[in-house]
Amino acid sequence: MNIAIVDDKQEDIAALEAVLHHYAAAAGITISVRRFSGAAELLEDYRPFMYTVVFMDIYMDKMTGMEAAEAIRKEDSDTLLIFLTTSGEHRAEAFRIHAYDYIEKPVSEAQIYRVMDDILKKTTIMQKILSFTFNRDRYILSFSDITAVVSHLHNVEISDRFGNTYTPRMPFSSAADELLPDRRFLLITRGVIVNMDYIQGFEKGVCSLSDGTRIPCSLHREKELENIWQNYIFASIRGEALDKMNRAQDIIK
């Protein structure tokens, strides 16, 4: 888990980093922590998906934590933003930019352990991976990045959301055994699995994905497949709404 801490008080960074390393040791996970003494310094280094969590102070010189969070959200909607600050006056603004949590200083170990427990539960689902060898290199793809897996001769063709395609020496049955138990993946016809997070719709025996890919699917099962996909989307939206409501209540408290 990659974590960034942004604060212009080095003693606060050191204290938080110590708690995070103690938590990681107790939870049996590996973390990497990077320190930033200001918001501008973070943004100079920042790329989407670079950090799982960003702990950020709000009151800093030159650029506030809120300004940095606004900039991050323009290109990254997934990174978990947690504000650690001396005042509660920015809670509503934090919720507006989808902060994961808002904790007032002085921060206790119990508060950090609580939020890290929540994050660990969330990221365990996100970080399921498929590993394979392609062109003599080892690749590891997060389930959330895989858009489709198609049987290709005696192997498979794997596509990801960044536009890459891989054809490792892997039987389709092996990929199916790993992916299909995950509720995100749907077998739309023999030898074709798609990630429902990327489906745009079904029409005339074709499944359209968000990257423009059009994959033939089982025509006689089209309505059934469409219902499964719509039920999945509805359940996902409902789950996200409940999660946001719970996070908002925690932030307001």
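Among contacts in the chain between residues at least 6 apart in sequence, what percentage join residues at least 24 apart? I found 52%, with contact taken as heavy atoms within 4.5 Å.

I note that this is a predicted model, in which local features need pLDDT of at least 70, side-chain atom pairs count only at pLDDT 80 or more, and totals for chains, interfaces and linings use all residues. Residues are numbered from 1 along each chain as its sequence is written, and side-chain values use heavy atoms, with hydrogens and water left out.

**Whole chain.** I looked up the secondary structure and recorded 7 helices and 15 strands; these are DSSP runs, helices being H or I of at least four residues and strands E of at least two, numbered from the N terminus. The C-alpha atoms fill a box of roughly 60 × 40 × 35 Å along the principal axes. Of the 253 residues, 44% are buried (under 20% relative accessible area; exposed is over 50%, partly exposed in between; 1.4 Å probe, protein chains only).

**A26.** I located A26 in helix α1, residues 10–27. A26 has a relative accessible area of 64% and is therefore exposed. Its C-alpha atom is separated by 37 Å from that of S173, 147 residues apart along the chain.

**Aromatic rings.** I searched the whole structure and found 11 aromatic pairs (Phe, Tyr and Trp rings, the six-membered one for Trp, with centres within 6.5 Å; planes under 30 degrees apart are stacked, over 60 edge-to-face, the rest tilted). F132 and Y139 count as stacked because their ring centres are 5.8 Å apart and their planes lie at 15 degrees. F132 is buried at 2% relative accessible area, whereas Y139, at 26%, is partly exposed.
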